[in-house]
Number of protein chains: 2
Amino acid sequence: MISTKGRYGLRVMIDLAKNDNGSYIPLKDIADRQEISKKYLEIIVKKMVEGGLVKGSSGKGGGYKLVKKPEKYTVGEILTLMEGTISSVACLADKDYDCPRKKKCETLPMWKEFDKIVHDYFYKKKLSDLL
Amino acid sequence: MISTKGRYGLRVMIDLAKNDNGSYIPLKDIADRQEISKKYLEIIVKKMVEGGLVKGSSGKGGGYKLVKKPEKYTVGEILTLMEGTISSVACLADKDYDCPRKKKCETLPMWKEFDKIVHDYFYKKKLSDLL
DNA sequence: CATTTACCTACCGTGTCAATAGGTTTTTCT
DNA sequence: AGAAAAACCTATTGACACGGTAGGTAAATG
């Protein structure tokens, strides 16, 4: 299940792309347009700044802006940053985890196949595809 | 993220299918083979009985068995029962929920498309495909 | 220097997850 | 009849994530 972090984060990215005029866009405007509490969006956007998806600027005239063109972002990279992982099962989410039952596990192949489908879907989808 | 309920539930179903000899299979045997606490499996299996996936029988010689042939079960129906929903976003998980932003939501079409992919994948996959 | 904005820290109630614990009932086998 | 084996039932637990809210600090601009 994609949480609000991923869903709202994606909507912020779309909002930034749609309202891009070269300068910074204040979070308040985004919050109003998206009908999401500005306070909560602060948490969301903070992650996006840390993850290098957007750039922030303080002070009057400040706000946020994209660091790349919308067609250079994949939905996958956005969701992965916000959700931590995009994997559907715990055993595949952590790349370092080495399951002792992996040889005999009858479900692992299916989870792997499914994971690939999910991965492909979201990494082929560009932010620009959502505008 | 598929929780242990879904993952373990599926493994129990596979175990029941593989070890089917016509009679009931005690949970203890399943727990031993699958290396999962029997106590915890009780919770899992209870849901499966309530959902009509398996049949239980008390007393000596009791245990659990499938009610259908493995090829008649879809992985989708098993996961949906165990997880409550298989949808990737909250707005699609509850069929009765009517989002006020659905007309203008730029992400909804993508979630719907993705949901269909997930749904199709798991409902086409049969329990017998995992044996 | 006032205003606007991002940025930071802390907190909170609720719920789910992944179990564990201990007891009761049902059924069969001897 | 009685022991054993099994499902079945109720309760509890600790940890953590979710979805926020609150209030303050720092930075930039006009």
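# Close-up views of a predicted model

**Figure 1. Helices α1 and α3 of chain A in contact.** In α1(A), the residues A:Lys5, A:Tyr8, A:Gly9 and A:Val12 meet A:Leu41, A:Ile44, A:Val45 and A:Met48 of α3(A). By class, this contact of α1(A) with α3(A) comprises six nonpolar residues, one polar and one charged. As in every view below, the coordinates belong to a predicted model. Two packed helices are described by the angle between their axes and the distance between the axes. For α1(A) and α3(A), the angle is about 75° and the axes lie 10 Å apart. Angles of 65 to 115 degrees count as roughly perpendicular. The helices α1(A) and α3(A) are therefore roughly perpendicular to each other.

**Figure 2. Chain A as a whole, for orientation.** Chain A contains six helices and two strands. Along the sequence, the elements of chain A follow the pattern α-α-α-β-β-α-α-α. Taken along the principal axes, the C-alpha atoms of chain A fill a box of roughly 60 × 25 × 25 Å.

**Figure 3. The β hairpin of chain A.** The strands β1(A) and β2(A) pair in the antiparallel sense over four bridges. One of the residues involved is A:Val54, whose bridge partner in β2(A) is A:Leu66. Together, β1(A) and β2(A) form a hairpin with five residues between them. Within the turn, A:Gly59 has a positive phi of about 80°.

**Figure 4. The β hairpin of chain B.** In chain B, β1(B) and β2(B) form a hairpin, and five residues lie between them. The residue B:Gly59, located in the turn, has a positive phi of about 80°. The pairing of β1(B) with β2(B) is antiparallel and runs over four bridges. The bridge partner of B:Val54 in β2(B) is B:Leu66.

**Figure 5. Helices α4 and α6 of chain A crossing.** Helix α4 (residues 75-83) of chain A and helix α6 (residues 108-124) of chain A cross at roughly 115°, and their axes come within 5 Å. That angle makes α4(A) roughly perpendicular to α6(A). On the side of α4(A), the contact is made by A:Val75, A:Gly76 and A:Leu79. On the side of α6(A), the contact is made by A:His119, A:Phe122 and A:Tyr123. The contact of α4(A) with α6(A) has four nonpolar and two polar residues, and no charged ones.

**Figure 6. Helices α4 and α6 of chain B crossing.** The axes of helix α4 (residues 75-83) and helix α6 (residues 108-124) of chain B are 5 Å apart, and the packing angle is about 115°. The helices α4(B) and α6(B) are therefore roughly perpendicular to each other. Here B:Val75, B:Gly76 and B:Leu79 of α4(B) meet B:His119, B:Phe122 and B:Tyr123 of α6(B). Four residues of this contact of α4(B) with α6(B) are nonpolar, two are polar and none is charged.

**Figure 7. The contact between chains A and B.** Chain B contributes 18 residues to the contact, and chain A contributes 18 residues. On the side of chain B that touches chain A, the elements giving two or more residues are α1 and α6 of chain B. That side of chain B has ten nonpolar, two polar and six charged residues.

**Figure 8. The axis relating the two chains.** Two copies of a chain are related by a rotation about an axis and a shift along it. Chain B can be laid on chain A by a turn of 180° and a shift of 0.0 Å along the axis, with an RMSD of 0.0 Å. That is the relation of a two-fold axis. In chain B, the C-alpha nearest the axis belongs to B:Met1, 2.9 Å from it. The same surface serves both copies, as 100% of the contact residues of chain B recur in chain A.

**Figure 9. The protein surface near DNA strand C.** Of the 25 residues around DNA strand C, those that come nearest are A:Leu27, A:Gly56, B:Ser3, B:Ser37 and B:Gly59. At least two residues of this surface are supplied by each of α2 (27-34), α3 (38-50), β1 (54-57) and β2 (63-66) of chain A, and by each of α1 (4-18) and α3 (38-50) of chain B. The surface near DNA strand C has six nonpolar, twelve polar and seven charged residues.

**Figure 10. The protein surface near DNA strand D.** DNA strand D is surrounded by 24 residues, and the closest are A:Ser3, A:Ser37, A:Gly59, B:Leu27 and B:Gly56. Two or more residues come from each of α1 (4-18) and α3 of chain A, and from each of α2 (27-34), α3, β1 (54-57) and β2 (63-66) of chain B. The largest share of the surface near DNA strand D, three residues, is that of α3(A). By class, the surface near DNA strand D divides into six nonpolar, twelve polar and six charged residues.

Definitions and conventions: Residues are numbered from 1 along each chain as its sequence is written. Chains are lettered from A and ligands numbered from 1 in the order in which they are written. This is a predicted model: local features need pLDDT of at least 70, side-chain atom pairs count only at pLDDT 80 or more; totals for chains, interfaces and linings use all residues. Axes are lines fitted to C-alpha atoms, for helices over the stretch in contact, and angles run from 0 to 180 degrees between N-to-C directions. Angles under 35 degrees count as roughly parallel, over 145 as roughly antiparallel, 65 to 115 as roughly perpendicular and the rest as oblique. Two residues are in contact if their C-beta atoms, placed from the backbone, lie within 7 Å. Ala, Val, Leu, Ile, Met, Phe, Trp, Tyr, Cys and Pro count as nonpolar, Asp, Glu, Lys and Arg as charged, and the others, Gly among them, as polar. A residue is near a molecule or strand if its C-beta atom, placed from the backbone, lies within 6 Å of it. Copies are superposed by least squares on the C-alpha atoms of residues with pLDDT of at least 70 in both. Two strands pair if DSSP finds at least two bridges between them.
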